[in-house]
Amino acid sequence: MSLSVVITLITAIATAAVGAADLVPAKFVLANSARVGVPRSWLPMLGTLKLAGGIGLVVGLLGVPVIGVAAAAGLVAFFVGAVVTHLRAGVLSNIAFPGGYLLLAAASLAVAVG
């Protein structure tokens with residue numbers, strides 16, 4: 001298995017897992033969203049977007065690369081927004097989480113286009 005496939009699968013799994021946590025919603029999601037000012041009513045849409053991104057990455061690996069590129073680009077944009085949301089709210093104690101997802105998404109985008 002190539003490094004690009006491993007990076008993409010890790011990103012897809014991690015993103016889908018946190019998307020599922022949004023949909024439940026998990027206690028840590030509720031606590032974090034309250035701290036950064038994201039309304040609970042947004043969680044289903046945010047979770048759905050994360051799940052769609054993870055699925056799109058897998059579809060890209062399965063032979064539809066344009067979907068993989070679009071999914072990776074969408075996840076980069078999504079997690080840039082998450083980092084900005086943390087910064088605007090002044091919540092830096094856990095910014096490593098959206099930052100980590102952003103790095104994974106950016107790495108997946110880099111391998112998808114390169």
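**Exercise 1. Describe the chain over residues 91–113 and compare its setting with the record.**

Over residues 91–113 the chain is 78% helix and 0% strand, with 33 Å between the end C-alpha atoms. Helices here are DSSP runs of H or I with at least four residues, strands are E runs of at least two, and both are numbered from the N terminus. The model is predicted: local features need pLDDT of at least 70, side-chain atom pairs count only at pLDDT 80 or more, and totals for chains, interfaces and linings use all residues. Residues are numbered from 1 along each chain as its sequence is written, and side-chain values use heavy atoms, leaving out hydrogens and water.

The UniProt record, an unreviewed entry, lists residues 55–84 and 91–113 as "transmembrane region". Its positions follow the numbering used here, feature names are shortened, and annotations may be inferred rather than shown by experiment. Residues 55–84 are 90% helix and 0% strand, and their end C-alpha atoms lie 24 Å apart.

**Exercise 2. Work out how α4 is built and what its buried residues pack against.**

Step 1: length. α4 has 25 residues and reaches 36 Å from first to last C-alpha, close to the expected 36 Å. The expected span is 1.5 Å times one less than the number of residues.

Step 2: burial. Buried means under 20% relative accessible area, exposed over 50%, and partly exposed in between, with a 1.4 Å probe and protein chains only. Among the buried residues of α4 are Gly68, Leu75, Phe78, Phe79 and His86.

Step 3: partners. The buried residues of α4 pack against α1, α2 (27–36), α3 (43–61) and α5.

Step 4: the end. Glycine 90 follows α4 and has a positive phi, near 70°.

**Exercise 3. Find the aromatic pairs and classify each.**

Step 1: rule. Rings of Phe, Tyr and Trp (its six-membered ring) pair if their centres lie within 6.5 Å; planes under 30 degrees apart count as stacked, over 60 as edge-to-face, and the rest as tilted.

Step 2: search. The whole structure holds two aromatic pairs. Phenylalanine 78 and phenylalanine 79 have ring centres 5.0 Å apart and planes at 75°, so they are edge-to-face. Phenylalanine 79 and tyrosine 101 are stacked, at 5.3 Å centre to centre and 15° between the planes.

Step 3: placement. Phenylalanine 79 lies in α4 (residues 65–89) and tyrosine 101 in α5 (residues 96–113), so this pair ties together parts 22 residues apart in sequence. Phe78, Phe79 and Tyr101 form one aromatic cluster.

**Exercise 4. Is threonine 8 buried or exposed, and what does threonine 8 touch?**

Threonine 8, in helix α1 (residues 3–23), is buried at 7% relative accessible area. Not counting residues up to four places away in sequence, threonine 8 touches Leu57, Leu61, Ser108 and Val111, where contact means heavy atoms within 4.5 Å.
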